[in-house]
Amino acid sequence: MTDSITPVPITDQTLGFTITERHARGRVVRLGPVLDRVLAAHAYPPAIAALLAEALTLCALMGSTLKDSAGQLTMQTRAESGVVQLLVCDYRGGELRGYIEYDADRLAEAPEHPSLFALFGKGYLAITFDLATTGERYQGIVPLDGDTLTSAAERYFVQSEQIPTLLRVGAIRQPDGSLVSGGILLQHLPDGEEGRERLHVRLDHPEWEHVAALGETIGADELADPTLPLETLVWRLFNEESEVRVLPGTMLTRGCRCTPEHILGVLAKFGVEERREMADEHGIIAVDCAFCSTKFPVDAEKLEPVR
């Protein structure tokens, strides 16, 4: 009789790599417990949970490309006449958070697996890079008119930054009911880069077509397989290349910033009368965090005076 060994899950981390002779770079990511923690705060129905899982995976892929460790990547949607009224998620220094506001009645009328149009109607996706060290901000807005949120994010890079980009995201529900999601980002950088500016990018470069064709072969079952090391995933795709350099990865955590100190600091900026109007009959201001659903009861009369 032999002892069986349960594989250690490979989740909540990113891995970067470059394909030197193809002038390409990439990121792979896989989310597990971090995803569960974000989703558990709201008890989302399956279609909404799947959408937020996709958005958080995209955030991790794009945010982990920031060279500014204190920088932030934010994704936000605005929509008209759809099930989803608002989707917000962001990445900062390996921390992820996100939430969705949706119309439960309209969702009940939608198919089990609603299309992007059914979820958003006429909608837009805004992607914003905030660089803390320089104070610079880069933002692009693209319509939500593709098949998936991923395809809209892919269009952002082509349209706003003129970088040939391939994005793929997949998620699998585990036997215990938890979700594991994974994704890959591939980009072509033919003539070097300076900061976030890519020079002389051509959309029909044969080197890029080769890299993209290999990236297209990956499936959701590989991206979201918690037993498959990320290095092995990269090797499966690009093992015939002459050189693939693996870069340091990033561990991911749920990063809500709703500390009591932060809440008090925000409320203290309001005048005394404004704070009293916010309070209930007992003088308590109830503050709910949209990201993690934590409730903060604050005594309006005990706040420090506005300075």
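Mentor: S81 lies in the loop between β3 and β4 (84-92), where helices (H or I, at least four residues) and strands (E, at least two) are DSSP runs numbered from the N terminus. This is a predicted model, in which local features need pLDDT of at least 70 and side-chain atom pairs count only at pLDDT 80 or more, while totals for chains, interfaces and linings use all residues. Residues are numbered from 1 along each chain as its sequence is written, and side-chain values use heavy atoms, with hydrogens and water left out.

Trainee: Is S81 buried or exposed?

Mentor: Buried means under 20% relative accessible area, exposed over 50%, and partly exposed in between (1.4 Å probe, protein chains only). S81 has a relative accessible area of 55%, and therefore it is exposed.

Trainee: What is the phi of S81?

Mentor: Most residues other than glycine have a negative phi. S81 is not a glycine, yet its phi is positive, at about 65°.

Trainee: Where is A43 found, and what is its phi?

Mentor: A43 is found in the loop between α1 (33-40) and α2 (46-63). At 65% relative accessibility, A43 counts as exposed. Although A43 is not a glycine, it has a positive phi of about 50°.

Trainee: Which side chain makes a polar contact with the side chain of T165?

Mentor: T165 belongs to strand β8 (residues 165-173), and at 7% relative accessibility it counts as buried. A polar contact is a pair of N or O atoms within 3.5 Å; within protein, one must be able to donate a hydrogen and the other to accept it, and residues adjacent in sequence count only if both atoms are side-chain atoms. The side chain of T165 reaches the backbone oxygen of I163 at 2.9 Å. At 3.3 Å, the side-chain partner of T165 is Q187.

Trainee: How many aromatic pairs does a search of the whole structure find, and why is the pair of Y156 and F157 classed as it is?

Mentor: Rings of Phe, Tyr and Trp (its six-membered ring) pair if their centres lie within 6.5 Å; planes under 30 degrees apart count as stacked, over 60 as edge-to-face and the rest as tilted. The search of the whole structure finds five aromatic pairs. The ring centres of Y156 and F157 are 5.0 Å apart and their planes stand at 75°, so this pair is edge-to-face.

Trainee: Which residues do ring pairs link into a cluster?

Mentor: Y156 and F157 are both buried. Ring pairs link these two residues with a further one, giving a cluster of Y156, F157 and F129.
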